Amino acid sequence: MVLHREPLSAEAVRAAIADVPFIREVVYLPATGSTNDVAHRLASQGAPHATLIVTDDQTAGRGRIGRAWYMPPRAALAMSLLVRPDLAARHANRLTMLASLAAAEGVERATGLAVRLKWPNDVVVEIGDWRLEVGGRAAGHTSGVKKVGGILTETSILGDAIEYAVVGIGLNVNVDFAGQPELAETATSIMLQLRREVDRLSVLAAVVDRFAKRYEWLSKGDALRATWSARLVTLQRYVEARVGDSVLSGWAEAVDDDGALLLRAGDGIVHRLLAADVTLREP
Ligand code: BTN
């Protein structure tokens, strides 16, 4: 068991995933800029499919849309999976669906914390449930979410195919956001939710195991969509989606087999969004 602030090691990671034959190589780095960058470097040097890169101290972690990813040393999980899938480039988003599903299932199995997903790549927990009343009458209900993790998938495309993909997974395991009031408004950790420290290795092993078990679903978009969308807090909600400088508001109706969000705007037109920054709103 590896608790708060204790470092991991290559041997400990290998032992924890010994019964996940999917993983062919493990690279552990006590500290590095970004595990995704390491994975790209290894990919260009010919590293095999299913190489796992893990660090204890990610000093330049990257999130979506060029954002920084905060990770205090030895308190969280930062890992990247380098995979060489037999998958058309147009299905690349399925890797993020797969990884976020694996992250949610792995955290639940390892810790018991109920985890949901927020489109397109957030691993979240529901932190409240408010019934809205107008003039004493029920007028709907909403729930708040906070982020416990995120996925950053980056692909190298050759023609119509994916040459390789780097699937980065960040999980706030034992992170205490006390010194980070701005982040604490939208982020939390497994430890803060459960009010106890959690063994990072067992979370890592469970997430990697779920990723391996679900991997074949990359070619079964329907099964992946059904299981993934059942965890989405975003659906059947009124949302605001920012794409670049434009904002689109509407009803999040569904997702398709490639994870695109089908958003019905006020004029009835359904927009297919592949990437956006989505906020849950009241109509
Ligand atoms: C997001 O929510 O915006 C995605 C966050 C992804 C963070 C992980 S941590 C491991 C990997 N390395 C990175 O630099 N980013 C990803």
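I began with Arg 231, which counts as buried at 17% relative accessibility. The model I am reading is a predicted one.

I then looked for the partner of Arg 231 and found a salt bridge with Glu 108, the closest N and O atoms being 2.9 Å apart. Arg 231 sits in the loop between helix 7 (221-229) and strand 10 (237-243), while Glu 108 belongs to helix 3 (residues 93-111), so this pair ties together parts that lie 123 residues apart in sequence. Glu 108 is partly exposed, and its relative accessible area is 26%.

Next I looked up Arg 116. Its salt bridge goes to Glu 126, with 3.5 Å between the closest N and O atoms. I placed Arg 116 in strand 4 (residues 116-118) and Glu 126 in strand 5 (residues 122-126), 10 residues apart. Arg 116 is partly exposed at 26% relative accessible area, and Glu 126 is partly exposed at 36%.

Asp 256 is in the loop between strand 11 (246-255) and strand 12 (261-265), and Arg 272 is in strand 13 (residues 270-273), so the pair ties together parts 16 residues apart in sequence. Is Asp 256 buried or exposed? I noted 18% relative accessibility for Asp 256, and the cut-off for buried is under 20%, so Asp 256 counts as buried. Arg 272 is partly exposed, with a relative accessible area of 46%.

I also found a network: Asp 37, Arg 62 and Glu 154 are joined by salt bridges that share partners.

Last, I noted the total, which is 19 salt bridges in the structure.

Technical notes
Residues are numbered from 1 along each chain as its sequence is written. This is a predicted model: local features need pLDDT of at least 70, side-chain atom pairs count only at pLDDT 80 or more; totals for chains, interfaces and linings use all residues. Side-chain values use heavy atoms; hydrogens and water are left out. A salt bridge is a side-chain nitrogen of Lys or Arg within 4 Å of a carboxyl oxygen of Asp or Glu. Helices (H or I, at least four residues) and strands (E, at least two) are DSSP runs, numbered from the N terminus. Buried means under 20% relative accessible area, exposed over 50%, partly exposed in between (1.4 Å probe, protein chains only).
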